[in-house]
Amino acid sequence: MALSLLDRSRTREGQPDAAALHQTLRRAELAEAAGYHRFWVAEHHAVPGIASGAPPLLIGTIAERTSRIRVGSGGVMLPNHQPIVVAEQFAMLEAMHPGRIDLGVGRSLGFTAPVRDALRTHKADADDFAADIEELRGYLHGTAEVTVRPRLSEPPPIFVLGTGQGMRLAARLGLPVVAGPLLRQGSEPFDRYRADFRPATPGAEPYVVVGLDILIADTEAEARELQLPEAWAMAVSREEGAFPPLSPIEEIRRQPMTERRRRIVDETAKGSLAGTEDQVAEGLEKLLASTGANEVLSSASTFDTDALYDSDARLARIFGL
């Protein structure tokens, strides 16, 4: 069972945005030392709470700072880019760091209308997404009319990020899938993905990565506290339309908690795993039994970076890394 991390370079109150990127680099170094399989970064544009808008640049820096761990995107949002440009970027990364680069792709649009205007992207149809993936794969595998450079003997694997529709697309294209918390609803979506899987290359098999926030501390109460900054940011974004930097727990406790915010905080917490090592291990066992996943991708974040790094180390111990 592989264990990996997704870090979104979350900004924090009282710190410059650049600090979030350096914290991502430090977390990647620690993840490699702990034995994690992959370390992925994200693409978000003009979001106050996230500093990472250019995954290839961050991936290259992380790969230079590490030596073994796979590094990739979770993901590149294809509606924002021409497939040939994505292919060229990831071909260069793979050429410089052979056997270590992953290309996760999604179809989310910008968070707000002005961001979508700036990106000149206003639609993300499933059919267009499928066509873009096929075009991208053609460039990477050297089967397109245009041959991108550098040409590779072993291109980086493509992963599809998404909900139910994304899983169906991944099965049709014969690609591995990364399923987020919304799909932790029993085995049916995962069984359907495996049943409908059409190998795109000889020997290709279904591969499921389950992504969720996982936070571990000495007690369940402490772990639940670590959940609060991310859950609070989600609640604020739903009310105010802007996803903010992470706040210290003490500051959040001083803020008025409306009924709507409390509900969103509780809903966000339910979509993650938080507790002691034993409690998280039990929760993971149930999750893996339900989904049959091949890999777990923790996407947790919290204001206290030391507590976050410690949680990552505890999670690695659960997996026997």
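Predicted model: local features only at pLDDT ≥ 70, side-chain atom pairs only at ≥ 80, totals over all residues.

Biologist: How many aromatic pairs does a search of the whole structure find?

Modeller: Two aromatic pairs are found. Rings whose planes are over 60 degrees apart count as edge-to-face. In the pair of tryptophan 40 and phenylalanine 159, the ring centres are 5.1 Å apart and the planes stand at 75°, so this pair is edge-to-face.

Biologist: In which strands do tryptophan 40 and phenylalanine 159 lie?

Modeller: Tryptophan 40 belongs to strand β2 (residues 38-41) and phenylalanine 159 to strand β5 (residues 158-162), so the pair ties together parts that are 119 residues apart in sequence.

Biologist: Are tryptophan 40 and phenylalanine 159 buried or exposed?

Modeller: A residue counts as buried when its relative accessible area is under 20%. Tryptophan 40 has a relative accessibility of 1% and is therefore buried. Phenylalanine 159, with a relative accessible area of 3%, is buried.

Biologist: How are the rings of tyrosine 193 and phenylalanine 197 arranged?

Modeller: Their centres are 5.8 Å apart and their planes are at 75°, so the pair is edge-to-face. Tyrosine 193 counts as buried at 2% relative accessibility, and phenylalanine 197 counts as buried at 11%.

Biologist: How should I read the buried residues of a helix?

Modeller: An α-helix has 3.6 residues a turn, so residues three or four places apart point the same way. In helix α7 (residues 188-196), the buried residues are Pro189, Phe190 and Tyr193. Viewed down the axis of α7, these buried residues fall within an arc of 100°, so they line one face of the helix.

Biologist: Which elements do the buried residues of α7 pack against?

Modeller: They pack against α6 (164-173), β6 (177-179), β7 (208-212) and α11 (277-291).

Biologist: How may I describe the surroundings of a single residue?

Modeller: Arginine 70 is found in strand β3 (residues 70-77). Its relative accessibility is 18%, so arginine 70 counts as buried. Leaving aside neighbours within four places in sequence, arginine 70 is in contact with His37, Arg38, Phe39, Gly99, Arg100, Ile101, Asp102 and Pro157.

Biologist: Which residues does leucine 226 touch?

Modeller: Leucine 226 has its place in helix α8 and is buried, with a relative accessible area of 10%. Not counting residues up to four places away in sequence, leucine 226 touches Leu215, Ile216, Ala217, Ile249, Ser301, Thr302 and Ala307. The C-alpha atoms of leucine 226 and isoleucine 249 are separated by 7.9 Å, although these residues are 23 residues apart along the chain.

Biologist: Let us turn to the cavities. How many cavities of 30 Å³ or more are there?

Modeller: A cavity is a space where a probe fits but cannot get out. The count comes to three cavities of 30 Å³ or more. The largest cavity has a volume of about 80 Å³. It is lined by 13 residues, and the closest to its centre are Asp7, Arg10, Arg12, Gln23 and Leu308.

Biologist: Which element gives the most to the lining of the largest cavity?

Modeller: Helix α1 gives the most, with four residues. Both α1 (17-34) and α12 (305-318) supply at least two residues of this lining. By type, the lining of the largest cavity divides into four nonpolar, five polar and four charged residues.

Biologist: What is the volume of the second largest cavity?

Modeller: The second largest cavity holds about 70 Å³ of space. Among the residues that line it are Asp213, Leu215, Gln227 and Glu230. Two or more lining residues come from each of α8 (220-240) and α10 (259-270), and α8 gives the most, with three residues.

Key:
Residues numbered from 1 in each chain as written. Heavy atoms only, no water. 1 Å grid on protein atoms, 1.4 Å probe; cavity = no way out; pocket = protein on both sides within 12 Å on 5 of 7 lines; lining within 4 Å. Points joined across faces, edges and corners; volume = space filled by probe spheres on them. Nonpolar A, V, L, I, M, F, W, Y, C, P; charged D, E, K, R; others polar. Phe/Tyr/Trp six-rings, centres within 6.5 Å; stacked < 30°, edge-to-face > 60°. Buried < 20%, exposed > 50% of the residue type's maximum accessible area, 1.4 Å probe, protein only. Arc of directions from axis to C-beta. Contact = heavy atoms within 4.5 Å.
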